Amino acid sequence: MILTTAWLVLLTMILGIGVTPLPAAAQPAGTLVVGLVAEPVNLDPAQVTDLNSNRVGRRIAETLVTFPDESTQVVPGLAESWTVSRDGLRYTFKLRKGISFHDGTPLDAEAVKFSIERQIRPEHPFNKLGKYPFANYFFGNVKAVEVVDPLTVEFILKEPRASFLAILAAGAASIVSPTAVRKFGADYALTPVGTGPFKYVSWDRGQRVVLEKNPGYWKFPVKVDRVVYRPIVEDQARLTELMTGTLDLMVGAPPDFVAQLEKNPSVTLLRQVGAHVWYLGINNQKKPLDDKRVRQAMNYAVNKEAIVRDVLKGTGSMSAGPVLPGTWGADAGLKPYPYDPARARKLLAEAGFPNGFSTTLWVPESGSGMQSPVAMSTVIQSNLKAVGINVALQTFEWGAFIAKLRSKEQELFALSWMAGNEDPDMVMYPLLHSSQWTPGGPNRAMYRNDKFDELLHQARLSTDEKRRAELYRQAQRILVDDPPWIFIDHEIQTAAHAKRVQGFKLHPSFDLRVETISLSR
Amino acid sequence: MKRYLARRLLLLVPVLAGVSIIVFMVLHLSPGDPVEIMLGTQATQEDRARLRADLGLDQPLHVQYVRWLGHVVRGDLGRSLWMRRPVLGEVLGRLQATLVLTGTALLLSTTLGIALGVASATRPNSLLDRLSAMASLFGASMPSFWLGIVLMVVFALWLGWLPASGMYAPYGGGDLRDLLAHLALPAVTLAAASVTIIARLTRATMLETLGQDYVRTARAKGVVERAVVLRHALKNAMIPIITVVGVQAGYLLGGAVLTETVFAWPGVGTLMVQGILARDFPLVQGCVLVVALSFVLVNLAVDLLYAWFDPRIRYE
């Protein structure tokens, strides 16, 4: 009996689903299926700290200013224009007329005030609904948001900060429907309502988030009817789904799959360098690392080209400093440190270490923006060994790793930074200004250079982009002479899509702008 | 019987309390805290302190535990730190998918395992027996995530017979056929190791039982071989087999974590992995409690099955 049942079960399984190939589910003409590397956690942009939630949430809610499709230079968004007071303390925005939220309520100055104040005012009735993780990082400098008239809103700052416009383009600065927040309360994060190109439809946990096009979108007519986001953690599964045609678009092709995707005629592989920097931090306060000749030597010792070519398989571009090359604040004359072990040995000898020294490198096993941390660090370790620096590698789980960096005990550490936009203030100030030393801020290398500090401060006060650019160029040259870290690379993001997907571009901010897509038959 | 059942169910309380204390301690003592992970590398000291206070993580450990326990006894597993949603709803929403997957895997491994074991035992050292021994070695020694990826590459990528991941098609679908198609690869992956264990054990106990006097007697009476094997021998060999099946059920519930992650199966396993990586204490505690509860209940069911297979066993 049991034998027969067993065979019967096996037979039905094979006959039912195995031998008869499944008719490939017909792709509905207007539905785009996107594979994400992890499930979104929360769709209220002010509460989001991860890329995948952002990639979905930013389709729904929008910001006053935004970035064009190819760069992270600030352009008008929900606000059609703005003025900045001479002292740099008042930013006045004129909102576009006639935009409404998906729930039909109008976008007005009150909504802007509501969206920001719920995050920064502890006594705001909706402050306790969310956790607003970046309230202080982004809006700690905002004194008040004032409604001038229904279509004019003014931000008053505590002190001038030229990168404030770039901050207003961040997801946390998204304008949400106050009516919807009042209606849904804590569950707003599950039923977000904004002005964006897509409306929220449904979320089957662990399976998919579905968005539908906003037919009245103010910017342009959206050509895709529906977007289905599927979280698929396993790289091979995501790749298989794309190659078998059940996914239209996937982000994050792991380096080892890049060659395979390039050869496949049914998919298109895209690359785009992102506003990101991967660096090997050096504790600038610990001996012998406090000697700039030692830090220069380490920069000469590491073969960045080999890391980018062999470990990252072309998914990184060599870095000469923290600022993304090709953007307005970057110094075009800056060249990455060349690979020159002989020079490194000479510098070490000058610094009094002809026989090198021993040190420790802390590395997270993984982490957002960390690329292939262990493999990259292993190459760095052997490069440093070749010039006499003995590096002991210690790996940590991500959560443990960032906690450990606040101990100030680090010697060398692998870390990365995604500023989300190209304003140099958003990467150099937090990472390298001496007021930002860990544990208070993210300057985990405990770098201090008074000249550099002053340049960054001056650049914050000026609202003239030309003058700021000049100050930042000077600051970057200081970082070459007095390097805070070993500069490694800027990530080149990858995505792959089916041939029927037209008009898609990766964005340097790591956003995933599927609203530009149209689907061919 | 009823008293026995009541006593066993009552024993659930200390077991679950123990599990919850251990999980709570392990999670809180492991390095890295949720605030750190949620805020990432950009957080300021103020943002960290505010969030820690908001989440109640600034309280001493025992206060946090007692507070959590107070909610649990009222049927409230708390809110996930990260998603800010009630844990109970999240876990129960995912439990169904996990039960479908482990249930199918258990059915597959039990029927196939027993069938293979019986077939091997009745023809020891035959070709089938040797093949099954080899397959067992293979099945028991390869890691499930590797097997899962191999099956995926072969059946989804190369042959195109089965979908690679998920529980239902992203659009359309949603019927039983769609579910079965999506279930096939993860269920086979999950069942692989258990099949071999059950098959080996069945073979061993069946060989022993088939050598017993009463089997010889049955044969001497002229009972057909089929009935000798299935009715006389197998039923008596079932006690150790049922025991190992029960253990395997627990193993499958735990093993589902890997398989679910590989195949993007929306079960408790993927949720738990998310929770662990985010140090989402209430979420992980909720997942573990539910899985532990299922494990204990399966064990109870196994104990009750003993009596059915062997009437000499009675529960007072």
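Two strands pair if DSSP finds at least two bridges between them. With that in hand, here is a short tour of this predicted model, starting from a pairing in chain A: Gly35(A) stands opposite Met250(A), which lies in strand 11 of chain A.

**Strand 1 and its partners**
- Strand 1 of chain A runs parallel to strand 11 (residues 249-251) of chain A, and two bridges join them.
- Strand 1 of chain A also runs parallel to strand 10 of chain A, this time with six bridges.

**Chain A as a whole**
- You can count 16 helices and 20 strands in the secondary structure of chain A.
- Chain A has a radius of gyration of 25 Å, which agrees with the value near 24 Å that a compact globule of 521 residues would have.
- Along the principal axes, the C-alpha atoms of chain A fill a box of roughly 75 × 75 × 40 Å.
- Of the 521 residues in chain A, 49% are buried.
- Taking contacts in chain A between residues at least 6 apart in sequence, 69% join residues at least 24 apart.

**Where helix 10 meets helix 12**
- Helix 10 (residues 304-311) and helix 12 (residues 373-386) of chain A have axes that come within 10 Å and cross at roughly 145 degrees.
- The crossing of these two helices of chain A is right-handed.
- On the helix 10 side, Ala306(A), Ile307(A) and Val311(A) meet Ala375(A), Met376(A) and Val379(A) of helix 12.
- Sorted by class, this contact between helix 10 and helix 12 of chain A has six nonpolar residues, no polar ones and no charged ones.

**Where chain A touches chain B**
- The two chains meet through 60 residues of chain A and 59 residues of chain B.
- Elements of chain A that each supply at least two residues to this side include strand 1 (31-36), strand 10 (226-231), helix 7 (235-243) and strand 17 (412-418).
- Helix 1 of chain A gives the most to the side touching chain B, with ten residues.
- By class, the residues on this side of chain A divide into 35 nonpolar, 17 polar and eight charged.

Methods:
Residues numbered from 1 in each chain as written. Chains lettered and ligands numbered in written order. Predicted model: local features only at pLDDT ≥ 70, side-chain atom pairs only at ≥ 80, totals over all residues. Axes fitted to C-alpha atoms, helices over the stretch in contact; angles between N-to-C directions. Helix = DSSP H or I, 4+ residues; strand = E, 2+ residues; numbered from the N terminus. Left-handed = near helix turned anticlockwise from the far one by under 90°. Contact = placed C-beta atoms within 7 Å. Nonpolar A, V, L, I, M, F, W, Y, C, P; charged D, E, K, R; others polar. Rg over C-alpha atoms; globule rule 2.2 N^0.38 Å. Buried ≥ 20, exposed ≤ 12 C-beta atoms within 10 Å, placed from the backbone.
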